[in-house]
Amino acid sequence: MQTFTNLPWTARSWLEIPVNSDFSIQNLPFGIFSTSEARQPRVGLALGEFIIDTAVLFDAGMLAQVPGLSRELLYANSLNSLLSTGVSTWRALRVRVAELFTQGNNDVLKNADLHARVLVKQSQAQLYLPTKVSNYVDFYSSREHATNVGAMFRDPQNPLLPNWLHIPIGYNGRSSSIVPSGVAIQRPQGQLKNDADPAPTFGPTRQLDFELEMAFITGKQTQLGERIPTSATDEHIFGLALLNDWSARDIQRWEYVPLGPFLGKTFATSLSPWIVTLDALQPFRVEGPEQTVPVLPYLQTHGPQTYDIQLEVWLQSARMNEPIKVCHTNFRHMYWSMAQQLAHMTSNGTNIDIGDVYGSGTISGPTPDSYGSMLELCWKGTKPIDLPDGSQRKFIEDGDTVIMKGWAQKNGVRVGFGEVRTSVLAAN
Ligand code: MN
């Protein structure tokens, strides 16, 4: 069993942290950043409005007690090497950084030179994808989402396919087109065909959609032939991030039979820059929905398997001054847990790499304002959203910006993910 490490609820940082900041001292998520003065990408941990520069801490001798740590692991353009040294190293690094920045510790606070160099304003940093992603898989694990889509496109009386309650359904996505928050995406083009059209045409998608998802990122490799039981998945999951799994619904609808999603999905996927560790999320662990059909033994789990994470989607057109909220839901609604997803993924012996991204599938809740895609929020275009600029949306238009946010909160402590923010450019 995994032993998690967290700070007590009462711990506070000596650094002033804005009220409602996602990045409390209890959080300390990992990312990769650079600045215009120091262009080499390096490992940072977010705290309040700042990034703690671990490379500066290392060079100042403040991380000597972290086993297995070296300069090369921190001056790196991904977290992969650091993660490959094992949980004892990255966990000790996070614990040591927490210690240095908790009230009562003066090692950084009273060292004026170090204090000035170790904290970088997030607003002045360039943030990158946190890991080098070898594999990207996307699941389909929200019962509400699968039910909504099945009702819209197949049979409202019988929306779930027979396998859905037995298998955490997923497909292999495309890792090369995963982009970090802030990188604009281009409207994809592809084959389009309405039911009434005699033949397909080629052109820009008319149904560009977001999918509100979370992703877990793996921190430990397996070998080909190895399986991960549900009881051991926590040892392989480093942490979670926000994911916008962009979709072109019209391209997808025409191409997906019989082999599933392809070009309607692979043009872009947006990931938030900070990975919140499972350690930081443990206090927010909760039971997921009851599974109404018994699952096979290899998918059985014991104890709470999911997390109470509030999620929002905000939308802003080019003519709006600020975004409006179009969706509010919670990660805890997901029917299949991450443990079941990873156990299922590896049940055939496929190997996983460090830094892989496993998307949850669109996270839809039980109410119409908790649906995680425009497809569902506007119910296939029949219920458009009115924007304050006077326009309407059924899907995402050029110039629109989609912002996803997520956080867990309890006992006055907030552990959040920041945001994944993406603007859409016209087709090339
Ligand atoms: Mn998806």
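Let's start with Leu-45, which sits in strand 2, residues 42–47. Strands here are DSSP E runs of at least two residues, helices are H or I runs of at least four, and both are numbered from the N terminus.

A word on the source. This is a predicted model, where local features need pLDDT of at least 70, side-chain atom pairs count only at pLDDT 80 or more, and totals for chains, interfaces and linings use all residues. Residues are numbered from 1 along each chain as its sequence is written, and side-chain values use heavy atoms, with hydrogens and water left out.

Back to Leu-45. Buried or exposed? Leu-45 is buried, at a relative accessible area of 0%. The cut-offs: buried is under 20% relative accessible area, exposed is over 50%, and partly exposed lies in between, with a 1.4 Å probe and protein chains only.

What does Leu-45 touch? Leaving out residues up to four places away in sequence, its contacts include Leu-28, Pro-29, Phe-30, Phe-50, Arg-94, Val-97 and Trp-274. Contact means heavy atoms within 4.5 Å. Gln-186 is another matter: its C-alpha is separated from that of Leu-45 by 30 Å, and the two are 141 residues apart along the chain.

Arg-94 and Val-97 take us to helix 4, where both are buried.

Next, Gln-122. Gln-122 lies in the loop between strand 4 (119–121) and strand 5 (126–127). Gln-122 counts as buried, at 18% relative accessibility. Where does its side chain reach? To the backbone oxygen of Phe-50, at 3.1 Å. Among the residues that Gln-122 touches, not counting those up to four places away in sequence, are Phe-23, Ala-46, Phe-50 and Trp-274. Phe-50 and Trp-274 are also on the list for Leu-45.

Now the metal. The manganese ion is coordinated by Asp-138 (OD), Glu-211 (OE), Glu-213 (OE) and Asp-245 (OD), at 2.1 Å. Donors are N, O and S atoms within 2.8 Å of the metal, or 3.2 Å for Na, K and Ca; water is not among the atoms, so sites may look incomplete. The spacing along the chain reads D-x72-E-x1-E-x31-D. Glu-211 and Glu-213 are buried.

Last, helix 9, residues 338–345. Eight of its eight residues are buried. Those residues pack against strand 6 (136–139), strand 13 (212–218), strand 14 (237–244), strand 19 (306–307) and strand 22 (357–359).

Note on methods:
A polar contact is a pair of N or O atoms within 3.5 Å; within protein, one must be able to donate a hydrogen and the other to accept it, and residues adjacent in sequence count only if both atoms are side-chain atoms.
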